[in-house]
Amino acid sequence: MSTLSIEQIKESFPVLQQQVHGKDLVYMDNAATTQKPQVVLDCLNNFYCKDYATVHRGAYLLSEKATSLFEAVRGKVAQFINAQKEKEIIYVKGTTEAINLVANSWGRKNLKEGDEVLISAMEHHANIVPWQMVCEDVGAVLKVIPMDDKGELIMEEFYALLSERTKFVSVVHVSNALGTINPVKEICQAAKSVGAVSLVDGAQSTAHMKVDVQDMGCDFFAFSSHKIYGPSGAGALYGRYELLKAMPPWQGGGDMIYTVSFEKTEYADPPARFEAGTPAITEIIGMGAAIDYLSSLGMDFVAEKEDELLRYGTAALKEIEGLRLIGEASKKAGVLSFVLDKAHPHDIATIVDGEGVSIRAGHHCAQPVMTRFNIPATARASLAIYNTKKDIDALVRALRIVNDIF
Amino acid sequence: MAYSNELYQQVILDHNRKPRNFRKIEEPTHVCPGHNPLCGDHITVYIHTEGDVVSDVSFEGSGCAISKASASMMTESVKGKTLAEVKKMFEEFHGMLMGELDVDQDQHKLGKLSLFQGVKQYSSRVKCAALSWHALVGALDLKTEISTE
Ligand SMILES: Cc1ncc(COP(=O)(O)O)c(C=O)c1O
């Protein structure tokens, strides 16, 4: 457990040490992407300066060093999310690619006409569109678990939707638009009880709480490096080995084969089967450094600090005239989505930016969530481990300016 | 003085609060919905022309202050103008947003529409200011040099 103060943590993120529009930068668009600590930047730089080469192929020292650094990240990821085996970790570009991999490989092999895939009303487009595409092609039906006005899934409706027709359940762990932490353990268990396979979209949870895929009981789990203080262009898909072993490749190319002739190709075992082509070598290694960084802080410390800040921020925002929080689930992670009576989210974001505060305005790639709450967009401040109470105070001051202007 | 006040000037805020010509025209000669999927802004422009003169123009919809104020001020500016004048005004307005026309240096007939010059510093907001204008020229089917993507 870390003994660092949040101010000390903030100091290790170079990009945060600057001013924008003449004001100290307050970065609160962390649900979109997080900033990188010096240790991750050093890792990328060191690797490029000292060890860079291709992986898995070269019969020379440099490539062997690169390969061993690259492969070592698999073990780090496995340990970080408590997977049983390293070979259950597949390197991907990010959450989007991970879900597309599962939908296309597992989905196209196993889904038949009349089968049902269950997702939730608060999914990111990345966990909607790949399923829509596959369902449409094979004649399966996509069903949606509804949510209530607080932004919590209605579990009775989930159980009512679940049947022996349900073949796959794919839900988001933490909603990027609302902050809701979903009861994924219960959902995965229920899925299993009807023989369905489950995926948990961990894009928004992995940097903010302890993830244990075995305890969760999910069959697949996906996350993106760039949301856990690592580089963009990398991520991981966890899959239970038994399932991965039975899945066909979804992209063909180098590295994913055992032998190739023009008559027949034998595919490599997972994870290589799903890693065609030269991977994002440096970015994957940087993801390993980000995992080391988070582990050194301790995920319990991270979760506790962020929860404290979320509660501080929630109380502070509620004091602002005409502000309505969107998403008030009893279990929430660091997302403050809101609308103001007098100002449109885009005007809010532009004006608070003028005060140095970077927040997002829009539908957050979750248009069905906006439709559910009957709003075109929200303004969203999303928290990370380097955000302080002073950051929240700066946001509150900026929002009062918005109210003054309108 | 806060940086953003350059954008949120009193006139613009006033048009946002009390948009002019914010109504439907019952029997328009032209209608065009404008939609910005990025921010969820929806603005429909209604036009009535007599000969080649815009005799009435109005709008409905919802959006941010910039898109609403821009639509409101647009309706005031183009009412009574000929189609050729409207087209010219659109090109000037668009040029200003793209930083190609400097309203302080170059000749133009934008009048108070030049208040929107601050928008050009916010690339993500240019579409907000341009939305109603694209709907307008789309409705009138005016061939302009400018692509609307
Ligand atoms: C909940 C959720 N799922 C999936 C994604 C997609 O992640 P990426 O763009 O890194 O593939 C995001 C990112 O915005 C997200 O918030």
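Visitor: At about what angle do helix α11 (residues 299-318) of chain A and helix α14 (residues 389-405) of chain A pack?

Guide: This is a predicted model, in which local features need pLDDT of at least 70 and side-chain atom pairs count only at pLDDT 80 or more, whereas totals for chains, interfaces and linings use all residues. Residues are numbered from 1 along each chain as its sequence is written, chains are lettered from A and ligands numbered from 1 in the order in which they are written, and side-chain values use heavy atoms, with hydrogens and water left out. Helices are DSSP runs (H or I, at least four residues), as are strands (E, at least two), numbered from the N terminus, and axes are lines fitted to C-alpha atoms, for helices over the stretch in contact, with angles running from 0 to 180 degrees between N-to-C directions. The axes of α11(A) and α14(A) are 10 Å apart, and the packing angle is about 20 degrees.

Visitor: How is α11(A) oriented relative to α14(A)?

Guide: Angles under 35 degrees count as roughly parallel, over 145 as roughly antiparallel, 65 to 115 as roughly perpendicular and the rest as oblique. The angle here is about 20 degrees, so α11(A) and α14(A) are roughly parallel.

Visitor: How many charged residues are in the contact of α11(A) with α14(A)?

Guide: With contact meaning heavy atoms within 4.5 Å, the residues involved include Glu308(A) of α11(A) together with Lys389(A) and Asp393(A) of α14(A). Ala, Val, Leu, Ile, Met, Phe, Trp, Tyr, Cys and Pro count as nonpolar, Asp, Glu, Lys and Arg as charged, and the others, Gly among them, as polar. Besides eight nonpolar residues and one polar residue, the charged ones number three.

Visitor: How is α12(A) oriented relative to α14(A)?

Guide: Helix α12 (residues 345-354) of chain A has its axis 9 Å from that of α14(A), and the two pack at an angle of about 120 degrees. That angle makes the pair oblique.

Visitor: Which residues of α12(A) meet α14(A)?

Guide: On the α14(A) side the partners are Ala398(A), Leu399(A), Ile401(A), Val402(A) and Ile405(A). The contact divides into eight nonpolar, no polar and no charged residues. From α12(A), the residues are Ile348(A), Ile351(A) and Val352(A).

Visitor: Is the crossing of α3(A) and α10(A) left-handed or right-handed?

Guide: Helix α3 (residues 61-80) and helix α10 (residues 281-297) of chain A have axes that come within 9 Å and cross at roughly 40 degrees, and they are therefore oblique to each other. A crossing is left-handed if the near helix is turned anticlockwise from the far one by less than a right angle, and right-handed if clockwise. The crossing of α3(A) and α10(A) is left-handed.

Visitor: Which residue of chain A forms a salt bridge with Arg125(B)?

Guide: Contacts between the chains involve 15 residues of chain A and 20 residues of chain B, and the count between these chains is one salt bridge. The closest N and O atoms are 2.8 Å apart, and the partner of Arg125(B) is Asp347(A).

Methods: Salt bridge = Lys/Arg side-chain N within 4 Å of Asp/Glu carboxyl O.
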